[in-house]
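Subject: Structure for your records

Hello,

Here is the structure you were waiting for. My notes on it follow below; please read them with the structure open.

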Amino acid sequence: MALRPWYAALKEAANYQERKIHVHHHLKSSIFMASRNQGSAPRALVVEDIKVDCVILMHMLHKLNYVATAVENGKEAIDLFVEGKTFDIVFLDKDMPIMLGPKTVAKIRAMGATKVKIVGVSTDFGAREAFMQAGADVFVPKLMKLETLEAMLQVVISKKNMSS
């Protein structure tokens with residue numbers, strides 16, 4: 001019996017998680033790290049409370065050779081910026097516990113992080129306006145396709161190379 005395409009992708013992502021993603025504890029919650037030791041590989045932050053969505057996005061970023069960190073809510077994302085961590089791109093879900101995505105965007109921008117590209121991601125198409133008003137660069141509806149992600153990341157890489 002053939003697996004449905006979405007189920008096969010989910011199963012692949014789950015297998016990937018077991019093999020490649022190391023679980024660390026940070027501020028009483030897990031942070032998933034997917035990285036390759038490739039010098040100055042681009043850095044991404046995934047702020048997502050739904051584990052399946054997080055694993056799928058982390059898997060896609062890994063396939064595109066990104067060093068990716070994931071946290072479960074906006075407060076944890078802010079804490080990383082306060083600690084001095086830097087990212088080339090941040091993906092934020094809209095509805096999360098503790099701090100919503102648009103509020104997190106506004107706080108990141110208020111901290112002076114103007115060079116980082118921020119992408120709002122949600123199943124709620126009405127979220128576009130909230131993210132853009134808060135200072136996000138782009139809004140992408142869930143579920144993001146690998147081709148969409150790759151095109152977006154190419155823009156980030158080219159901007160990073162131009163500023164270096």
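The largest nonpolar core has 22 residues, and Leu45, Val47, Val90, Leu92 and Ile118 are those with the most contacts inside it. A nonpolar core here is a set of buried Ala, Val, Leu, Ile, Met, Phe, Trp, Tyr and Cys residues joined through side-chain atoms within 4.5 Å. Buried means under 20% relative accessible area, exposed over 50%, and partly exposed in between (1.4 Å probe, protein chains only). Two or more residues of this core come from each of β3 (43-47), α3 (74-82), β5 (89-93), α4 (101-110) and α5 (127-134). The largest share, four residues, is from α3. A second, separate core has 21 residues, including Leu57, Met58, Phe91 and Val140.

This is a predicted model: local features need pLDDT of at least 70, side-chain atom pairs count only at pLDDT 80 or more, and totals for chains, interfaces and linings use all residues. Residues are numbered from 1 along each chain as its sequence is written, and side-chain values use heavy atoms, with hydrogens and water left out.

On confidence: pLDDT is the predictor's confidence in each residue, from 0 to 100. The mean for the protein chain is 78, and 71% of its residues reach 70 or more. Please treat one stretch separately: over residues 14-38 pLDDT stays under 50, and for them the model has 57 contacts beyond four places in sequence. Contact means heavy atoms within 4.5 Å.

On the overall layout: the protein chain has six helices and seven strands, in the order α-β-β-β-α-β-α-β-α-β-α-β-α along the sequence. Helices (H or I, at least four residues) and strands (E, at least two) are DSSP runs, numbered from the N terminus. Of the 164 residues in the chain, 46% are buried. Among contacts with a separation of 6 or more, 65% are between residues 24 or more positions apart.

What does isoleucine 118 touch, not counting residues up to four places away in sequence? Its partners are Val90, Leu92, Val105, Ile108, Arg109, Ala136, Asp137 and Val138.

Strand β6 (residues 117-122) pairs with strand β7 (residues 138-141) in the parallel sense, over four bridges; two strands pair if DSSP finds at least two bridges between them. In this pairing, valine 121 stands opposite valine 140 of β7. The chain goes from β6 through α5 to β7, a β-α-β crossover that is right-handed. That term applies if, with the strands pointing away from the viewer, the path from the first strand over the helix to the second runs clockwise.

The whole structure holds two aromatic pairs. One of them is phenylalanine 131 with phenylalanine 139, tilted, at 6.1 Å centre to centre and 35° between the planes. Rings of Phe, Tyr and Trp (its six-membered ring) pair if their centres lie within 6.5 Å; planes under 30 degrees apart count as stacked, over 60 as edge-to-face and the rest as tilted. Phenylalanine 131 counts as buried because its relative accessibility is 0%, and phenylalanine 139 counts as buried at 6%.

Some backbone details to check by eye:

- Lysine 142 and leucine 143 are joined by a cis peptide bond, with omega about -15°. Leucine 143 is in the loop between β7 and α6 (146-163).
- Asparagine 65, not a glycine, has a positive phi of about 65°. Asparagine 65 sits in the loop between α2 (51-63) and β4 (67-71), and counts as partly exposed at 29% relative accessibility.
- Isoleucine 98, also not a glycine, has a positive phi of about 75°. Isoleucine 98 is in the loop between β5 and α4, and counts as exposed because its relative accessibility is 69%.

Regards
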